[in-house]
Amino acid sequence: TTTTTTTTTTTTTSTTTTTTSTTTTSTTTTTLFNDGQCSQGYNILNDTWRKVHYNPGGASSCSVNCDSSGFSAGWYRFMEPAGFKLPITQPSSFGRGCDVCQTASSAWVKEGRDPTYGEGVININICFAWGLACGISNTGKAVACKDNSGSLFYLYFLNSAPHCTLAYCALGS
């Protein structure tokens, strides 16, 4: 007699696929600090006559001040009652005896902008509206700073004005 044995083997393969998704978010925080110039010494300009008051046709009372003789090149900060920053646009009226402030021709920043905090010291061209909106010019520098309370202010490196009857006047708050 013959006995036949058949063995059947069944193999079951199970595959499990696991997908893991990871999202990484990176945040960069930039902390701005005062430029080194902000902690250096500077002069304060706070003369009442320096505050810009536009008087088309000229002011009735005009004392022509100037920043040519006796004005030394250096870093300056405007403070009230003089205003707090140089204008960044040309005056709408000029050349008529104290129509901007108490001088014949007041300064303004030709670049048309203030420095931003954290930008550092920038070079600026300073115009004096004399005959033309930028009839006479001078070079300078500017930097945005913050005081201990976090209030923004500007420092300017100003040179002596090219001649008398030209002065640095500031916009007020």
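Colleague: What is the handedness of the link of Cys 38 and Cys 145, left-handed or right-handed?

Modeller: In this predicted model, a disulfide joins Cys 38 to Cys 145, with an S to S distance of 2.0 Å. The angle about the S-S bond is -80 degrees, and the link is left-handed.

Colleague: How many residues apart in sequence are the parts that Cys 38 and Cys 145 tie together?

Modeller: Cys 38 is found in the segment before strand E1 (43–45), whereas Cys 145 belongs to strand E5. The pair therefore ties together parts whose separation in sequence is 107 residues.

Colleague: Are Cys 38 and Cys 145 buried or exposed?

Modeller: A residue counts as buried when its relative accessible area is under 20%. Cys 38 and Cys 145 are also among the members of a core of six residues, together with Val 143 and Leu 155. Both cysteines are buried.

Colleague: Which cysteine is joined to Cys 66 by a disulfide, and where does that partner lie?

Modeller: The S to S distance in the disulfide of Cys 66 is 2.3 Å, and the partner is Cys 164. The torsion about their S-S bond is about -80 degrees, so this disulfide is left-handed. Cys 66 lies in the loop between E1 and E2, while its partner, Cys 164, lies in the loop between E6 and strand E7 (166–167).

Colleague: How many disulfides does the structure hold?

Modeller: A disulfide is a covalent bond between the sulfur atoms of two cysteines. In this structure, the number of disulfides is three.

Colleague: Which element gives the largest share of the largest nonpolar core?

Modeller: The largest nonpolar core has 22 residues, and Phe 78, Phe 128, Tyr 156, Leu 158 and Tyr 168 have the most contacts inside it. Strands E2 (74–78), E3 (105–109), E4 (122–130), E5 (132–146) and E6 (152–158) each give two or more residues to this core. The largest share, four residues, comes from E4.

Notes: Residues are numbered from 1 along each chain as its sequence is written. This is a predicted model: local features need pLDDT of at least 70, side-chain atom pairs count only at pLDDT 80 or more; totals for chains, interfaces and linings use all residues. Side-chain values use heavy atoms; hydrogens and water are left out. A nonpolar core is a set of buried Ala, Val, Leu, Ile, Met, Phe, Trp, Tyr and Cys residues joined through side-chain atoms within 4.5 Å. Buried means under 20% relative accessible area, exposed over 50%, partly exposed in between (1.4 Å probe, protein chains only). A disulfide is a pair of cysteine sulfur atoms within 2.5 Å.
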